[in-house]
Amino acid sequence: MPFTGGARINTNIAAMNAVNALNNINRDLGMHQERLATGRRINSSADDPSGYMISKKMEGRIRSMSSAIDNVGDASSTLGVAEGSYQKIADLLVQIKEKQTRFINGAFGSDEKTAIATEIVALASEIDDIVANNKFNGVQLLNGTYSEDFQVGESSAELFNVSFSASVSSASLLGTAAGSITSANIVGLTVDTGIGTVNSAIGAIGASLNRLSAKEENLNNAITNTEAAKSRIYDADIAKEQIKAAKLQILQQTATSMLAQANQAPQVFLSLFRS
């Protein structure tokens with residue numbers, strides 16, 4: 001920093017130094033006041049180029065993981081819709097099992113057995129209706145062909161497959177289609193096998209739901225930790241910024257005062273001309 005030597009008035013070095021100091025203080029004070037106003041330590045890439053880049057990368061990860069949580073929720077909903085239908089089919093199969101057992105009765109005549117067959121046909125037809133009408137967002141789930149991936153992490157390689165490969169039509173579960181069931185083939189209906197097939201599908205859904213719950217918890221933990229790391233880089237420490245702003249406000253006043261005194265300093269040379 002240059003200093004004035006001798007008795008010169010054309011160039012006021014002290015005033016120029018004071019102006020430079022005041023400009024620097026005003027610039028720094030403005031930066032800290034902006035941080036206090038926005039709550040952000042980085043308001044432009046010039047504030048911290050590497051920090052800006054790192055924080056934006058973290059923000060991208062956070063948004064990706066938030067979307068993954070939404071995907072986990074949709075996958076769980078898809079499984080839940082299928083599970084509800086499987087449970088209803090299992091209930092219908094239990095009723096068919098009950099009717100099938102009742103059918104083998106030496107005290108029943110043809111009318112009674114025909115009535116039981118009619119009831120079993122109705123129950124089996126309802127199973128086919130459930131399969132046909134079970135949809136999520138317009139997509140049929142239980143026709144034995146549904147198999148879709150859900151991204152459940154930050155990377156596109158983190159996939160979770162949801163599939164319902166079990167065939168649960170009346171023909172598959174009972175060995176005979178609903179429209180072909182008569183008194184002559186009720187005894188041969190494969191009800192126990194059908195119940196086993198549906199229960200296995202329900203068990204698989206339960207295991208998948210547990211896995212999705214664990215993934216959702218892990219994603220929430222990862223988001224929280226990444227948010228904390230981003231905050232340390234991107235957000236302003238309000239207490240520290242307030243301390244710095246207060247110091248600069250005091251320096252702003254002292255620099256202004258010194259500038260005023262430096263502007264008045266050349267006047268002392270007028271005393272050299274007084275007699």
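This is a predicted model: local features need pLDDT of at least 70, side-chain atom pairs count only at pLDDT 80 or more; totals for chains, interfaces and linings use all residues.
A residue counts as exposed when its relative accessible area is over 50%, and as buried when that area is under 20%.

Start at a loop. Asn 137 sits between strand E1 (135-136) and strand E2 (139-140). Its relative accessibility is 71%, so Asn 137 counts as exposed. Its backbone is worth a look too. Most residues other than glycine have a negative phi. Asn 137 is not a glycine, yet its phi is positive, at about 55°.

Now turn to the helices. Helix H2 covers residues 49-103, and helix H3 covers residues 110-133. Their axes come within 10 Å and cross at roughly 165°. That angle makes H2 roughly antiparallel to H3, because angles over 145 degrees are classed that way. The crossing of H2 past H3 is left-handed. Which residues make the contact? From H2 they include Ser 85, Ile 89, Leu 92, Leu 93, Ile 96 and Phe 103. From H3 they include Ile 116, Ile 120, Leu 123, Ala 124, Ile 127 and Val 131. By class, the contact of H2 with H3 holds twelve nonpolar, three polar and six charged residues.

The largest nonpolar core has 48 residues. Tyr 86, Ile 89, Leu 93, Phe 164, Val 168 and Val 198 have the most contacts inside it. Several elements each supply at least two residues to this core: H2, H3, strand E3 (146-151), strand E4 (159-164), helix H4 (170-174) and helix H5 (191-234). H2 gives the most, with 15 residues. Setting aside neighbours within four places in sequence, Val 168 is in contact with Tyr 86, Ile 89, Ile 127, Val 131, Leu 142, Leu 173 and Val 198. Apart from this core lies another, of ten residues, among them Ala 18, Leu 22, Ala 245 and Leu 248.

Helix H1 spans residues 13-38, and helix H6 spans residues 238-264. Their axes come within 8 Å and cross at roughly 160°. H1 and H6 are therefore roughly antiparallel to each other. H1 passes H6 in a left-handed crossing. The contact of H1 with H6 has 16 nonpolar, eight polar and four charged residues.

Thr 78 is found in helix H2. Is Thr 78 buried or exposed? Its relative accessibility is 2%, so Thr 78 counts as buried. Beyond its neighbours within four places in sequence, Thr 78 touches Phe 136, Leu 141, Tyr 146, Phe 150, Val 162 and Phe 164.

Ser 208 lies in helix H5. With a relative accessible area of 18%, Ser 208 is buried, because the limit is 20%. Leaving aside neighbours within four places in sequence, Ser 208 is in contact with Leu 79 and Phe 160. How far apart in space are Ser 208 and Val 162? The two are 8.2 Å apart, C-alpha to C-alpha, although 46 residues separate them in sequence.

Methods:
Residues are numbered from 1 along each chain as its sequence is written. Side-chain values use heavy atoms; hydrogens and water are left out. Axes are lines fitted to C-alpha atoms, for helices over the stretch in contact, and angles run from 0 to 180 degrees between N-to-C directions. Helices (H or I, at least four residues) and strands (E, at least two) are DSSP runs, numbered from the N terminus. Angles under 35 degrees count as roughly parallel, over 145 as roughly antiparallel, 65 to 115 as roughly perpendicular and the rest as oblique. A crossing is left-handed if the near helix is turned anticlockwise from the far one by less than a right angle, and right-handed if clockwise. Contact means heavy atoms within 4.5 Å. Ala, Val, Leu, Ile, Met, Phe, Trp, Tyr, Cys and Pro count as nonpolar, Asp, Glu, Lys and Arg as charged, and the others, Gly among them, as polar. A nonpolar core is a set of buried Ala, Val, Leu, Ile, Met, Phe, Trp, Tyr and Cys residues joined through side-chain atoms within 4.5 Å. Buried means under 20% relative accessible area, exposed over 50%, partly exposed in between (1.4 Å probe, protein chains only).
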